[in-house]
Amino acid sequence: MKILEKRIYDKPEQEDGFRILADRLWPRGMKKEDAHIDLWAKEIAPSTELRKSYHGQEIDFAEFSKKYLKELK
């Protein structure tokens, strides 16, 4: 099995296979019918609190990673 990472704004291609969006927020400017997403897996994305603390530069990537792995467990 091969897992590929791709931005949702990149054009979907036939060889993409099963497409999963792992984010709590729907991407700005993207229509759901244009995204060609098979599964929107909100539950595996970082929590809103964790996402905001990282984007607000309250924590660095190392701390974000540690806390995110803890959330996933």
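**View 1. Ser 53, a buried residue of helix H2.** Ser 53 counts as buried because its relative accessibility is 12% (buried means under 20% relative accessible area, exposed over 50%, partly exposed in between, with a 1.4 Å probe and protein chains only). This serine belongs to helix H2, residues 48-55 (helices, H or I, of at least four residues and strands, E, of at least two are DSSP runs, numbered from the N terminus). Setting aside neighbours within four places in sequence, Ser 53 is in contact with Glu 58 and Ile 59 (heavy atoms within 4.5 Å). Please keep in mind that this is a predicted model, where local features need pLDDT of at least 70, side-chain atom pairs count only at pLDDT 80 or more, and totals for chains, interfaces and linings use all residues. Residues are numbered from 1 along each chain as its sequence is written, and side-chain values use heavy atoms, leaving out hydrogens and water.

**View 2. Lys 52, an exposed residue of the helix.** Lys 52 also lies in helix H2. With 52% relative accessibility, Lys 52 counts as exposed. Now find Gly 29: Lys 52 and Gly 29 are 23 residues apart in sequence, and their C-alpha atoms are 20 Å apart in space.

View 3. Look for Phe 18 in the segment before strand E1 (20-21). Its relative accessibility is 59%, so Phe 18 counts as exposed.
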